[in-house]
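Please look over the sequence and the structure below before reading on. The paragraphs after them are meant to be read with the model in view.

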Amino acid sequence: MVYLFLADGFEIIEALAPVDMLTRAGVDVKTVGVTGELVKASCGVEVKADITIDEFDFYDVEAIILPGGMPGTLNLEKSSDVQMAIDNAVNTNTLVCAICAAPSILGHKGLLNGRQATCFPGFEDALEGATLSEKYVVKDGSFITARGAGVCIDFGLEIVKALKGEELAGNIRKSIQCND
C-alpha cells in the first residue's frame, strides 16, 4: 500500500496528481488525514482522506508520499506520527517521496545527506548535506524528491516507475498525452 499524507495547507495537485498516476498504474494508494478526516488544501478546497492518521498501518507500506504546500509541510513535519512513518520507511528501505517544500522535512532529519535531491526554490538550505540537483524530479536510492506543482505528474510517474517499472510509467505518460 502507498500512503500519501495530507495536512491542512497541503498543495492540492502535488497530492492528487500522484494519487491519480498511481491509481492508473493499479497501485493501492490511500490518503491519510494527519489533521483530521477533512483536510483543507492551501487553495481552500477540502479533501476527505481515505483514513485518518490513527488508522495508518505502519507495517503495510510500499511507499509514503509527502506533498508540499504551506503550511501543509509544517503541519506534516510537526506530526510525531508522520515522523515515525518516515523513520519506519527509512529503517525498512521503503520508498519515501516528497515534493515542493516537503523535502525539507527529510533534510531536517539528515536523511538526504550525501544524496542527490531537489525542492522548491528557497528551501535548498533545509536539504542538509544533500547534493542539490538541477533536475525537476530526482530519485536517489529509496528517496524521490521533486520541485513543485508544475512537475507533479512527473513526480507521480517516477513513483510509478519505482514501484511498477519504466514501461508502465511510459505507457501512462502516453495515455494522458504528457510530453517527455
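What follows goes from the nonpolar cores to one residue and then to the packing of helices.

This is a predicted model, in which local features need pLDDT of at least 70 and side-chain atom pairs count only at pLDDT 80 or more, while totals for chains, interfaces and linings use all residues. Residues are numbered from 1 along each chain as its sequence is written, and side-chain values use heavy atoms, with hydrogens and water left out.

A nonpolar core is here a set of buried Ala, Val, Leu, Ile, Met, Phe, Trp, Tyr and Cys residues joined through side-chain atoms within 4.5 Å, where buried means under 20% relative accessible area, exposed over 50%, and partly exposed in between (1.4 Å probe, protein chains only). The largest such core has 34 residues, and those with the most contacts inside it are L6, F10, L22, I65, F155 and I159. At least two of its residues come from each of β1 (2–6), α1 (12–24), β6 (63–66), β7 (95–99), β11 (143–146), α5 (152–164) and α6 (166–175), these helices (H or I, at least four residues) and strands (E, at least two) being DSSP runs numbered from the N terminus. The largest share, 6 residues, is supplied by α1. A second, separate core has 30 residues, including Y3, F58, L106 and L112.

L22 lies in helix α1 and is buried, with a relative accessible area of 0%. If neighbours within four places in sequence are left aside, L22 is in contact (heavy atoms within 4.5 Å) with V2, V27, V29, I65, I159, V160 and L163.

The helices α1 and α5 pack at an angle of about 40 degrees, with their axes 8 Å apart; axes are lines fitted to C-alpha atoms, for helices over the stretch in contact, and angles run from 0 to 180 degrees between N-to-C directions. The two helices are therefore oblique to each other, since angles under 35 degrees count as roughly parallel, over 145 as roughly antiparallel, 65 to 115 as roughly perpendicular and the rest as oblique. On the α1 side the contact is made by I13, E14, A17, P18, M21 and L22, which meet C152, I153, F155, G156, L157, I159, V160 and L163 in α5.

By contrast in topic, α5 also packs with α6, at an angle of about 150 degrees and with the axes 7 Å apart, so α5 and α6 are roughly antiparallel to each other. Here D154, L157, V160, K161 and K164 of α5 contact E166, L168, A169, I172 and R173 of α6.
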